[in-house]
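Here's a quick walk through one protein chain. Have a look at the sequence and the fold before reading on.

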Amino acid sequence: MPEHNFITITDVQAAQARLLGIAHRTPVLTSRIVDHRTHSQVFFKCENFQRTGSFKFRGAYNALAQLSPAQKQTGVIAYSSGNHAQAIALAGQLLNIPTTIVMPEDAPAVKQTATRSYGAEIILYDRQTTNREQLAQSLASDKNLTLIPPYDHPHVVAGQGTAALELIQEVGELDLLLVCCGGGGLLSGSAIATKALLPDCKVIGVEPTLADDATRSFHSKTLQTIKNPNTIADGARTPSLGQITFPLVLRYVDDMVTVSEQAIIRTMFFLWERLKIVVEPTGVLAAAALLENVVTLPQAKIGVIISGGNVDLAQVSKLFSQS
């Protein structure tokens, strides 16, 4: 397994080859109203159309495909609030690898149901009293399972980077790439790919203001942690960047910014209404930074990664009533 300092564009390209014909090459959408509003040319890379509804399938499949025959036979375990869970479960189903997922009891019902439908065994825990990493590690040791964390793994990072790689292959030069950030897997992978192909393109990570650990870590150069941040962007409730992703973010990312809960809801509403796409709160973080003028770069070509669309429809009317 490569060290984090040696995750390169070559690893991302190798991941793309593994994913060919298995992961969807997701569409890139444009909007005249967005271009007019931002005075830029904006390209939305829509990972809400990826298998399992988020970019997570890229990293999960890339990691599972490289396991040894013995590891594949005994199976894998992962912890996740939902999107990584579904991704690991489907990748395991496709590769005939048994999967166990540690999920919080309050994970969206739609994500729990989907994870079970792909054949995974789910173990629920109380996020207020249980450390999910410790629980998963303990189960991995007891059952001889391979732990595949949601972001802090070189093969996961390389797989997630294929989203930005595809975007650049499709639209060419970009001046700015905006990427949502939870644990930093998508952000660091996308930044590695972007800086290799477009060294002058600025890469900015976006977090919820209520879960700004990565932003504070980036600016202080010291790893910051937040326990159970209370943001509607459940995919960004990670306590901190990882031992692998933190150095990568420091090395390849140009800046980190945050967006408010209201900005997330407004952007979600806008994308549903104007682009006619179903996106979840975490999925719109990068778009919110642009559409709410947290980041501005007029007369530029801007890439925005929409990270996922696994929204709990029962919660939508509640969210939209706040917009």
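## The chain as a whole

Keep in mind that this is a predicted model. The chain carries 15 helices and 10 strands, and its C-alpha trace spans about 55 × 45 × 40 Å along the principal axes. How does the radius of gyration sit against that of a compact globule? For 323 residues such a globule would come out near 20 Å, and the chain has 18 Å, which agrees.

Burial runs to 60% of the 323 residues. If you take contacts between residues at least 6 apart in sequence, 73% of them join residues at least 24 apart.

The largest nonpolar core takes in 76 residues. Phe44, Leu174, Leu178, Leu271 and Val304 are the ones with the most contacts inside it. Apart from that core lies another, of 24 residues, with Ala60, Tyr61, Ala91 and Ala120 among them.

Setting aside neighbours within four places in sequence, Leu174 is in contact with Phe43, with Leu167 and Ile168, with Leu198 and Cys201, and with the run Lys301, Ile302 and Gly303.

## Helix α9, mostly tucked away

Leu167 and Ile168 also turn up among the buried residues of α9. This helix covers residues 162-171, and eight of its 10 residues are buried, so it is largely enclosed by the rest of the structure. Besides that pair, the buried set holds Thr162, Ala163, Ala164, Leu165, Glu166 and Val171.

Helix α7 has 12 residues (132-143) and reaches 16 Å from first C-alpha to last, close to the 16 Å expected at 1.5 Å a residue. Which of its residues are buried? They are Arg132, Ala136, Leu139 and Ala140. These cover an arc of only 105 degrees around the axis, which puts them on the same side of α7.

As for the ends, a side-chain oxygen of Asn131 comes to within 3.0 Å of the backbone nitrogen of Glu133 at the start of α7, and just after the helix Asn144 has a positive phi of about 60 degrees.

Arg127 sits in the loop between β5 and α7. Is Arg127 buried or exposed? Its relative accessibility is 14%, so Arg127 counts as buried. Its side chain makes a polar contact of 3.0 Å with that of Asp106. Leaving out residues up to four places away in sequence, Arg127 touches Pro104, Asp106, Asn228 and Arg237.

Gln50 has its place in another loop, between β2 (41-46) and α3 (56-65). At 3% relative accessibility, Gln50 counts as buried too. The side chain of Gln50 reaches the backbone nitrogen of His24 at 2.8 Å. With residues up to four places away left out, Gln50 touches Ala23, His24 and Thr26, along with Phe55, Phe57 and Arg58.

How values were computed:
Residues are numbered from 1 along each chain as its sequence is written. This is a predicted model: local features need pLDDT of at least 70, side-chain atom pairs count only at pLDDT 80 or more; totals for chains, interfaces and linings use all residues. Side-chain values use heavy atoms; hydrogens and water are left out. A nonpolar core is a set of buried Ala, Val, Leu, Ile, Met, Phe, Trp, Tyr and Cys residues joined through side-chain atoms within 4.5 Å. Buried means under 20% relative accessible area, exposed over 50%, partly exposed in between (1.4 Å probe, protein chains only). Contact means heavy atoms within 4.5 Å. Helices (H or I, at least four residues) and strands (E, at least two) are DSSP runs, numbered from the N terminus. The expected span of a helix is 1.5 Å times one less than its number of residues. The arc is that of the directions from the helix axis to the C-beta atoms. A polar contact is a pair of N or O atoms within 3.5 Å; within protein, one must be able to donate a hydrogen and the other to accept it, and residues adjacent in sequence count only if both atoms are side-chain atoms. The radius of gyration is taken over C-alpha atoms; the globule rule is 2.2 Å times the number of residues to the power 0.38.
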